[in-house]
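Hi everyone, thanks for coming.

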Amino acid sequence: MLEWHNQGCPYVKKHYNSGNMQKLQKEWTAKGVVWLTVISSAPGKQGYVTPAEADAYVKDKSAVPTAVLLDSTGVVGLAYDAKTSPHMFIIDPSGTLIYNGAIDDKPTADLSDVPGAKNYVSQALGEAMAGKPVSLSTTRPYGCSVKYPTSE
């Protein structure tokens, strides 16, 4: 599981301030999913953090990804064509990308939308873990643009 992250983005804040992202991390890492929170923000851009700042943020938010990957050069983000924070990618154990898109079907920054949202990540992980094909493998990601070194 790859989760693109930018702590300054209102869409990311929606999922972290509501506890939604942490709930997903806890649920799926307990089932053996490797969850990487990827921060592709370049120095001087929204969301850029040092390793110490990333560690403090994860602790403060009670987040439990398997690891946080600092990608300030954008190499990983550009390789996956990550467009937004959050942008979610699920890769199966064989290395095949099986989901690429939004976390859910409520493309807003409104915390009150979380409880009624259809969570695409949970659906895809549930289907994959049950040995079924992912029924919805691509959705349109929403959120803040990833702040690559070459972006505005």
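Let's start with this: is Ser62 buried, partly exposed or exposed? At 45% relative accessibility, Ser62 counts as partly exposed; buried means under 20% relative accessible area, exposed means over 50%, and partly exposed is in between, using a 1.4 Å probe and protein chains only.

Quick housekeeping. This is a predicted model, where local features need pLDDT of at least 70 and side-chain atom pairs count only at pLDDT 80 or more, while totals for chains, interfaces and linings use all residues. Residues are numbered from 1 along each chain as its sequence is written, and side-chain values use heavy atoms, with hydrogens and water left out.

Okay, back to Ser62. You'll find Ser62 in the loop between α3 (51-60) and β3 (67-70); helices (H or I, at least four residues) and strands (E, at least two) are DSSP runs, numbered from the N terminus. Ser62 isn't a glycine, yet its phi is positive, about 55°. Most residues other than glycine have a negative phi, and most peptide bonds are trans.

Asp81 is another non-glycine with a positive phi, about 60°. Asp81 sits in the loop between α4 (75-80) and β4, and at 44% relative accessibility Asp81 counts as partly exposed.

And the peptide bonds? A cis one joins Ser85 and Pro86, with omega about 0°. Pro86 is in the loop between β4 (84-85) and β5 (88-91).

Now Ser41, in the loop between β2 (36-39) and α3. Ser41 is buried, with a relative accessible area of 2%. A polar atom of the Ser41 side chain lies 2.9 Å from the backbone oxygen of Gln46. Skipping neighbours within four places in sequence, Ser41 is in contact (heavy atoms within 4.5 Å) with Asn6, Gln46, Gly47, Tyr48, Ser72 and Lys147.

Last stop, the largest pocket. A pocket here, on a 1 Å grid over the protein atoms alone, is an open set of points where a 1.4 Å probe fits, with protein on both sides within 12 Å along at least five of seven lines; lining residues have an atom within 4 Å of a point. So what lines the largest pocket? There are 15 residues, and Val33, Ile90, Ile91, Asp92 and Pro93 lie nearest its centre. β5 and α5 (120-129) are the elements that give two or more residues to that lining, and α5 gives the largest share, three residues.

Key: Polar contact = N/O pair within 3.5 Å; in protein donor to acceptor, adjacent residues only side chain to side chain.
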